[in-house]
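Hello,

Here is the structure I promised to pass on. My notes follow below it.

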Amino acid sequence: MIDRKIVVNPMARPRIEEEEVEMCECKGIGHPDTIADGVCEAASRAVSSAYIRTYGAVLHHNLDKGLLVAGQSAPRFGGGHWIDPIKIFICGRATNSDPKLDIKKIVSDAARGYLEENIRCDLKYFEIMTEIKEGSANLKEVFRRGDGAPLANDTSFGCGYAPYSRLEQRVLKLSQLIQSSAFRTSFRAAGDDYKIMGHRVNGDLSFTIALALIDRYVEGIERYFIIKKAIHDYLADHLGAPAVIRINTLDDPAARDERGVYLTVSGLSAEMGDDGQVGRGNRVNSLITPGREMSLEAAAGKNPVSHVGKIYNVLALLMAREIHEEVEEVSVKLLSAIGEPTDQPQVAAIEVRTSEGLSVELKRSVTAIADGWLENIDQVTRLILDEKVSLY
């Protein structure tokens, strides 16, 4: 039995709901940062699967350096055209000593597969470039040492908490609504690129939404504003809570042509308006939460076996969700040390809130939950590779 450093304490800070102001953000599936996350994570999963088929295990790789460079387009009511394509660069390190294992092709095919499955845009408007080289000898050695849990290839920390606040729940609800098939059926003009910024002042909720509209489904300026109003009303009706909702606030109310509104050829700002980068979008809880403890690590694209910047963030969230079944609120922080077993963090710091106080029995139960997850840390890798957990 491993004696792990698990520290459980009462939560001292006030509930986030008690703060006067709270903010929360979510970037949609077609946001440039989310696309960058998505293609790099798809590449990591594909490379991991190829390693397992070829060698029986995931070898050293990190494909978490990705950049999306916006293209150029000419949106027009009724249908515009592309000028220059979107460029996606995937960079990183990967073990590639077997000439029969074409890592660059695996990565490119995985990225294209991700785009085809998730983005409603002709793939001819994307160019995918890879720059992937061998990793350093000492990092590759991490995979050969030890016969227990994998060794961490970084000194990093992961954070997780539960439950979501009322604001966080509503931001996620709006994201789910916009991405739902019912919404897409009702509003063909709604693109895949959206961003939701929510804030709460005392009990009042407000949401600012940027949502790209697709030009071929919008006949003119009057129709644009009619569609926008209908989308607003749909979201307000389905949100389930009173709130101020504003959509495409940069739009000029006096606009006479396409230049004054958020109109695109593809439904993506990446066709011209915005670039993207891995790690600048949602955390593993699908949100960006400045009022919460969170890691700035880019989880997408990192190795799912040894990179704690990925594993510990997912693990902390899973751990928090299970602990929350026994307490009102919980925060989990996990800290690794490079070269040490991933199942033995330097410290697992857990804070809980409960109306009855932190009894000896509850502390023992919380510790057991954390210890159980660390004992079976390989479950996290399986959940990642099986796409059973969110990473962005």
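Tyr125 first: this residue is partly exposed, with a relative accessible area of 23%. Buried means under 20% relative accessible area, exposed over 50%, and partly exposed in between (1.4 Å probe, protein chains only).

Two points on the basis. This is a predicted model, in which local features need pLDDT of at least 70, side-chain atom pairs count only at pLDDT 80 or more, and totals for chains, interfaces and linings use all residues. Residues are numbered from 1 along each chain as its sequence is written, and side-chain values use heavy atoms, with hydrogens and water left out.

**Aromatic pairs**

The structure holds 7 aromatic pairs. Rings of Phe, Tyr and Trp (its six-membered ring) pair if their centres lie within 6.5 Å; planes under 30 degrees apart count as stacked, over 60 as edge-to-face and the rest as tilted. Trp82 and Tyr125 are stacked, at 4.4 Å centre to centre and 5° between the planes. Trp82 sits in strand S5 (residues 81-84) and Tyr125 in the loop between helix H2 (103-118) and strand S7 (126-133), so the pair ties together parts 43 residues apart in sequence. Helices (H or I, at least four residues) and strands (E, at least two) are DSSP runs, numbered from the N terminus. Trp82 is buried, at 13% relative accessible area.

Phe187 and Tyr234 form an edge-to-face pair: 5.5 Å centre to centre, 85° between the planes. Phe187 is in the loop between helix H5 (181-186) and strand S9 (190-201), while Tyr234 is in helix H6 (residues 221-239), 47 residues apart. Phe187 is buried at 11% relative accessibility. Tyr234 is buried too, with a relative accessible area of 16%. Ring pairs link Phe183, Phe187 and Tyr234 into a cluster.

**Ser73**

Ser73 belongs to strand S4 (residues 72-74). Its relative accessible area is 5%, so Ser73 is buried. Beyond neighbours within four places in sequence, Ser73 is in contact (heavy atoms within 4.5 Å) with residues including Trp82, Val265 and Glu271. The side chains of Ser73 and Glu271 also make a polar contact of 2.7 Å. Such a contact is a pair of N or O atoms within 3.5 Å; within protein, one must be able to donate a hydrogen and the other to accept it, and residues adjacent in sequence count only if both atoms are side-chain atoms.

**Sheet**

An open sheet of 4 strands runs in the order S1-S15-S14-S8, with mixed pairing. Two strands pair if DSSP finds at least two bridges between them. The edge strands are S1 (6-10) and S8 (157-162), each pairing on one side only. Strands S14 (residues 329-335) and S15 (residues 347-353) are antiparallel and joined by 7 bridges. Val332 has Ile350 in S15 as its bridge partner.

**Cores**

The largest nonpolar core has 76 residues. A nonpolar core is a set of buried Ala, Val, Leu, Ile, Met, Phe, Trp, Tyr and Cys residues joined through side-chain atoms within 4.5 Å. Ile88, Leu115, Ile323 and Ile350 have the most contacts inside this core. Helix H7 (residues 308-323) gives the most to it, with 11 residues. A second, separate core of 36 residues includes Leu177, Ile178, Phe207 and Ile209.

Best wishes
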